[in-house]
Each structure stands twice: as C-alpha cells, then as structure tokens.
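Here is a short briefing for a first look. Keep the sequence and the 3D view open while reading.

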Amino acid sequence: MNTHWSSLVYTTFVMGALAVYLLMPRAGRSTNIAGTLIGMVALALAMFLCADMFVGTSSGNALFYASAVIALASAVKVITDEKPVYSALYFVLTVLAITPLLILQHAEFLAIALVIIYAGAILVTYVFVIMLAQQGGRPACDHRARQPLLAVVGGFLTMAVIAGQMATLPDEQAVIVAAAPAPTSDAPLAEPDNTMQVGSVMLTQYVVAFELAGVLLLVAMIGAIAMSQKRIPSEKLVEPTKPPGQIGREVGPY
Amino acid sequence: MIRDEDIIVVDTPVLNAAERLYIPQIVAGMQVTLRHMFKKSITVQYPEQKRTLRLENYRGVHRLNRDEEGRVACVACFMCETACPAHCIHIVAEESPWDDREKYPLQFDIDELRCIYCGMCEEACPVDAIELTPEYNLVGRSRQEMVFDKEKLLKVYDQTKTEKPRKNPRITGYAGTGNRTEGQPTGDSH
Amino acid sequence: MNDIVPYVILGALLFAIGMVGFLSRRNLIVIFLSTEIMLQGVVINLVALGRLHDHVNGQVFALFLFVIAAVEAGLALGLVVLLYRRRDTLDAERWTTMWG
Amino acid sequence: MLDILKDQFWFSAILTVVLIGAIMGVVAYCIYFERKISAWIQDRVGPNRVGPFGLFQPLADGAKFLFKEDIIPANVDKPLFLIAPVIAFGLAMIGFAVLPWGGNVDLDADGIIDVTAQVADPGIGLLYLLGVGSLGIYGVVLGGWANNNKYAFFSAMRSTAQMLSYEIPMGIAIFVVVITVGTLRLEDIVLSQIGEGNVWNIVLHPFAFIILLITIFAETNRTPFDLAEAEQELVGGYHTEYSALKFGMFFLGEYAHMITGSGFITILFLGGWHLPGVPGLQPGDVSIWAMLFKMTVMGAKIVGFLFLFMWVRWTIPRFRFDQLMRLSWKGLLPISMILAGYATTLVYLGKATNIPWALGGNVALLVIVLIYNGLRSGEITGRQANLPAIARPVEAHS
C-alpha cells in the first residue's frame, strides 16, 4: 500500500510543479490554460488523498479543504501573475484563506492578528509601494521569469522530501507524538480563551523575546525613517540645480 | 500698481494652549452650527413662492420695444451688436420705410443661449429699443428655438409691457436733423 | 494526531511555492511577497505543531514571526523604493554591480 | 415558531435578515438626513419634494442608482474595477455580525436563557471588528487604482497613508478599554460597564474615548478626514470613474461603515444597550420586550453618533495632509501611548475601575498636554518648513 500511495503522492507533487512551471510568466505563447488545468487536477488529487486519510478529523472537513485549496491556488497566483498588484491582492486572499485554518486549529487570536497585521497593514504597504513604483506601464521584468524550470524543480524537490515523507508515513506519527515532550500544561489548549493563553505565555515565558521584538520594531522604524530622509540622486536624470532660496519660475528679459 | 504700504502681511496667529488642543475651538464651531440648525430657513420654495424682483433693472430675457405707433423702435444702429461681449446679437439693417428714421432692422436675432445677460446692449442703445425684462424662466426644446428673432422679441415686449413699461418712450428723432448722409456704410458687411 | 498532518503538508507546500517564487521572479516586490508566502507556511506549521504538543508556544512564535514580517516589510519596501528611485526599475537582474 | 427561534442558529439567521434590512434602511435614510442636516445648518430646507418632507427621497435615489447608465471606462483594470465596490460595501456590512444588540434573551419566560441577541458571539469579537475595519481600506485602494485616473490614484494613496496612520492610535485606544475590562468579547465589555460600582468606560477614560472617536472619523473617511474624496483637489477621489450602482455601493458602504463605527464606540465606551437606572435595560431583564427595548436604546445611541458624524461634517473644514499626519503621529499617538501605560499601571495596582484614579489620571494628562502646548510657542497650522520665510515689511502694519 505504501508504494502505491507514495507513487500517487509524488505524482501529485510533480503535477503541481508542472502546473507552477507552466503558469510562470514567459516570453512567447502563454501556457496558462494548460497550467491551470494541470494545477486543478493536482489539487483534486491532493484533496482525494487527504480525504481518504483524514476522515473524521477536523482537517477532514469541508472548511479545511476549501480554505487550503484557496490558499494554495492564490499562493500560486501570487508567484505567477504578471501584474504585481494582482500578486499582492492574491496574497491577501491567501492570508484570508489561512485564517479559517488557524481558527480550526484553535488559534483565534492568531487568526485575527494575521488578518489585522498582514492583510490590514503589511499588504497595504506592499500595495502602496507597488502603486508608487509601477507608474509607467508594465516593465519587462514581470513578463519573463528567471530560470523557472530550475526554481520549480528545486522548490518542489525540497517540498517533496519534507511533505512526501510526512504524507506517506502515517504509522510513524505515533513515533513523533511519543517523542514529543509531554504537554507542560501551564497553558493547555482545551481552554476556550485562546487570547489569554497566548498573552500569558508571551508575557511570562517569552517576555524577553517580547521586549526584544519591541526593540526590533523600534529599530526598524528608525531605520525606515532614516532611509526615507535620505535623498538618493537618480543615476539617470540630472536635476536642474537652482540657487537655494530662489523660488518660482525664471523669466528672461524681453 | 500696488504700493508697499498697502500690503498687509497677516501673520499666522500664535495659538494659546487651549487652542492648540483644538477641542474648545471645535466645540465653539459646533455651537455655531447647532444654533443655525434651529434658525428659520431662508429658502424660497421656487415654483410655489417667487421672489419679488426689482423690475427696473432685473436682467432677464430681452425684448424689442415698440414705439407709440406700434413700430419696432430699433433704428438698426448696431450699437448693441458692437457692445455685446458675447456676440449674440445679429442685426440686418434695411432702409427704413418710415420718415422719422434712417434704418430699421429687417432682421434682429438674439441667441439667448449665448447671451450672458450683462445688459450692455441696453446700456448701449441710443433709442432704448432693446431692454432686458424681468422674465427669467426661459426654456426651449432646441437651440434653434432659443434664437429669438425680431417677431419673438417684439412679442416679449407685448407680454411684458404692462409689467415693465418702456423706460423712455421718446424716440430720438433724427429725421430732418441733417445727420443723415447718403451713402453712409450701414455696417452690415458681415 | 493525524489531525495536524494536512496542515504541516499545506505549510510545506506554501513554503515551496514561496521558494519557487523567490528564485524565479525578477520583480523585487514580488520577490518579497514570495518570502511572505514562505512565512505563511511557517506560521501554519508553527500553529499545527504547537497543537501537536498541546501548547500555545507555536502561536507565540508565530506572533514573533509577524513582528519579523512587519519589520521586513517596512525596511525592505523602503529599500525597494530607494532602489526604484535610483534606477527607475524593479528588475532584480538590473542590480548586478556587486557581481565579482 | 418560537421553538425555532430558541435555537441560536435560527435566531441568528433571522436576526441577520432583520439587521440587513434595517441597516439598509438606516443607511438610505442616513443619506437623506445628511442632506437634511446640511440644509438645516446652512439655513436651508433640504430635500422636501419627494413625499411628505421629502421622506421618499431615498427611494428615488435608490431608483436613480439602479437605472442610471453603468459606465465602465475603456482603460480601467476591469476585474478590480468591478470588485472594489463590492469589497467596500461587503466589508462594511459584515462588521455588524458581532455587535451585541440586546444581551441575553429568554424567549418563553421559563427562566432559562435561550439565545443571545447577536448574530455571532466569538470570544474575539473586538478583534474581529478591528480586522474587518482594517480590511475596509482595500475597497478604497482598489477602487482608486483600478480607475486608471490620476486623481483617483492620489486619493487611494492618501487613503492608504491615512488609514495606516490612524489605525495605530485606534488600536491603542481600544487597548485601554481591553486592558481595563480584561476581555475581547463585546457582550462582556458591555456587561462590565453595568452593575454595582461599574460605570461606562467613557467616565473612566474620556481621553481614550475622544481618541477613538477621532480615529473612527478618520477610518470612515468623514470630514475633517475625508482627504480621500477632497472634491476641490481630486474631483471625486477614488470613485471618480464610478457610476450608477457601483458608485452607490461605495456611498452606502461609507454609511454602513459609519454605523459599524458608531456601534463599536457605543459598545466600548457608552455601555451598549444599557442605560443606568432604567428598568428593562439591565442584564437581568431577559424578556423579549426587554430585548426590543435594548435594541432600541442601542439604535438610539448609534443614531446619536450618526448625528454627531453629520454635525461635525458640516462644521469643521478638512485638514491639510501634513496636518492630518501630524495630528496622528505627533498628537494622538503619544497621548494614546501615555493612556495605555496609565491604564496598565491602574490594572497592575488593582484600581482599573476606580473612578477617581482613572479620571484623575485623565485630568492630569489634560493638564500636562495644556502645559506642554502652552510652553511650545509657534503656530501649529504653520507653513511647510522647507518654504522660505515670508518677507516681512520693514514697519509693522498697525
């Protein structure tokens, strides 16, 4: 059974990799349709595999499948779409699809924090910068990926090693669980108030890391401000210089 | 030329502590608007209510006045057409069939859509033949309809003469004053 | 405990997708977006593995990850804007002056 | 019928339908009252032609939105152009899901609490509202971007910067309440302001209330923070190219957002559905009539805030952009951080709901701010620093 399953699993991975490769922006004819079809087949196959293995668990329900499929599909769109704005927006969709997954894992606070921090702040900054920096049409660098084949092969080999192992060895789960340290139980997950647990663990056990994170944010803020203050001379345009203090348009004598 | 001593430099006011907090200022402003909320409104409900107009100098639709004998008072002197800043008046002059004047307008068109209702034509008219009436609800279904010709302008006079009598019924008589010169260019060169 | 395996696989997949994007795209901003996808995969894994151990440590780590992501977004995007101002392009292949 | 209602799921479903209907109606009449209030403030009459006192004006407006020509300009980014109004409107609407409208309800008077008058009651309701609010910006940004119109684009840029800046003081002001109350569940926040020795949070933290109010003005893009739709500079702002129903969705979304914001601040600071001392509005009153009464009170408070929104809009002129940024980063942010520190200290000392302590701290902060303002000379509305000084005449004009 194991060989049968693993061949299916690896077929799924190969199809996914092929789909990503075909969806990459390239010169010449677009292969998006073929890529989309293969990707859909790969996702369906993955769902089939998961559904067979995880019936009756929280990861076996429809919300998980819907969210996971949306997250994967939009993540692929992020790296394959030719317009950076669409990439950023598909990433918002990824984040919103991951949110229910975290809620399924009883991480409500983290889920909403993900939406607020990622979708509400970080991605807005991305969209902001993309809009600032993409004024004049679509540059060539978005039309053609760099070594997509190598990248896809490398990425999916790594992933296949990790995930393929986990998916094909359900029996060894017990070993992992057994090897895991017993729950320290100062904050068991059974409690309904996830926020309070996270807060108490973060502010007792990891309070130093918490403070360091604050310092890191402060440093980053100072760095960003310092960077934005710096005037970078353009290497292309030479700006006409005017004597300081002179304002307005110069009019020659007539 | 603006003299230096006429220039007033307004300094940005230096705000005191409370003003820099903004909130007392905002509250004061909101008090003003709150007071106004309960004031009687000054709106005139137009189709039902109408404002009383100052008939003497309200600048509405034009009219061409008639003299005492019912003839058009205009002497086709082109003063209004010259004075018009919007170039909305077009006059075609013709030898007058009557003795007391030299010319009369064969055709007198005002494009009411082009007119800016400035009243310069009325100011310019030497015989007070063209006047602006208090009539302001001027509508039409086409642009052509809004170009008023002589008949229409005279009709406006007939409709409004009771409301606003002709300012100066006297016709400046230039008949027999010797001003008339044969061969004077009539000015309808366009 | 079968429960968390799909989450871990999903995290790995997202990580791989992000890695592919990081390696193959040329637009600087999309490269950074790809790193964010990788971080998302890590977040899912952290939460799922934390659940495996019945502890919220994973979630706390994920929150620290958000801090890192926010810092990265702020600084990296600031740098990208500066680079864009200098050369009027976001193409990573145009910045080759450091090649030996 | 009553048996179905006793199931929280069906109760929530029915409440959802009722709320959506009610809120659409309120939003439509918001537009009517916006025009009426502007008219009253300007000594005019306002809409009075359609129906008695113009009360059918919203219907006429709605019909107009539906039947006007729906233009999609040639060079817009079509998918984003189409989805942006949906995002703006949809996100404004889903915020209502967690607002507690009437506390617990015992439908058949048998002493057992059957349902909660709330569509959903997550333990993180407050964070949910914040998350939905922080997503709301995408409607504006995408609309402005997809328009392919430089004014709309400027509007999107401004709106982004504004939202990012004002979310921080907003979050900290909310943090003050959360740290005082100790819960993120909205119903619990309401309940914590009720009862012996408890007062509304506005009494404890008036400064935080004012900061939250200001930031909600900014988040909902209302004057004096409506730089995203500054007509004088930006034509229509992010909805310049929108017409017909798509424009209408932006328009309704703004008002729906206002209602959510009003409900939010009501729950956090004004006790939600509670009025002190009024029978029928206490947590123990769980009959269906008490629920309706509570909903009415909650609605009345929201309407009061809506009136405030409109009143301010027709009173206070718009900020300049640098003033807007300065207000957030140099004004609201330090004050809110001091407040957060103070509230945390109070919680540590166990005096979080002690009125003299909390209020005293706020008064002290006000005094400090006044002294600081007084010591700092110079004009706050001043010119940009990089412009040369104005040439002064030799003799001052008397």
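In which helix of chain A is Ala68(A) found? Ala68(A) is in helix α3 of chain A. Helices (H or I, at least four residues) and strands (E, at least two) are DSSP runs, numbered from the N terminus.

This is a predicted model, in which local features need pLDDT of at least 70, side-chain atom pairs count only at pLDDT 80 or more, and totals for chains, interfaces and linings use all residues. Residues are numbered from 1 along each chain as its sequence is written, chains are lettered from A and ligands numbered from 1 in the order in which they are written, and side-chain values use heavy atoms, with hydrogens and water left out.

**Ala68(A)**

- Ala68(A) counts as buried because its relative accessibility is 8%. Buried means under 20% relative accessible area, exposed over 50%, and partly exposed in between (1.4 Å probe, protein chains only).
- Leaving aside residues up to four places away in sequence, Ala68(A) touches Leu101(A) and Leu10(C). Contact means heavy atoms within 4.5 Å.
- Ile98(A) lies 30 residues from Ala68(A) along the chain, and their C-alpha atoms are separated by 7.2 Å.

**Chain A with chain C**

- The contact joins 101 residues of chain A to 75 residues of chain C.
- The two chains bury about 7800 Å² between them, with 73% of it on carbon and sulfur atoms. Buried area is the accessible area (1.4 Å probe) that two parts lose on being put together, summed over both.
- Gln105(A), Tyr126(A) and Arg146(A) supply 11% of the area that chain A buries against chain C, more than any other three residues.
- Between these chains there are zero salt bridges. A salt bridge is a side-chain nitrogen of Lys or Arg within 4 Å of a carboxyl oxygen of Asp or Glu.
- Five residue pairs are in polar contact between chain A and chain C (both at pLDDT 80 or more). A polar contact is a pair of N or O atoms within 3.5 Å; within protein, one must be able to donate a hydrogen and the other to accept it, and residues adjacent in sequence count only if both atoms are side-chain atoms.
- Helices that each supply at least two residues of this side of chain A include α1 (2-23), α3 (62-80) and α9 (207-229). The largest share, 14 residues, comes from α5(A).
- This side of chain A divides into 70 nonpolar, 22 polar and nine charged residues. Ala, Val, Leu, Ile, Met, Phe, Trp, Tyr, Cys and Pro count as nonpolar, Asp, Glu, Lys and Arg as charged, and the others, Gly among them, as polar.

**Chain A with chain D**

- Here 26 residues from chain A meet 25 residues from chain D.
- The buried area is about 2100 Å², and carbon and sulfur atoms give 82% of it.
- There is one salt bridge between chain A and chain D. Asp77(D) and Lys83(A) form a salt bridge through their side chains (3.9 Å, N to O).
- On the side of chain A that touches chain D, α4, α5 and α8 each supply at least two residues. α5(A) gives the most, with 15 residues.

**Chain B**

- Chain B has five helices and five strands. Along the sequence they follow the pattern α-α-β-α-β-β-α-β-β-α.
- Of its 190 residues, 34% count as buried.
- Chain B averages a pLDDT of 79, and 85% of the residues score at least 70. pLDDT is the predictor's confidence in each residue, from 0 to 100.
- Over residues 171-190 of chain B, pLDDT stays under 50. Where pLDDT is low, the predicted coordinates should not be read in detail.
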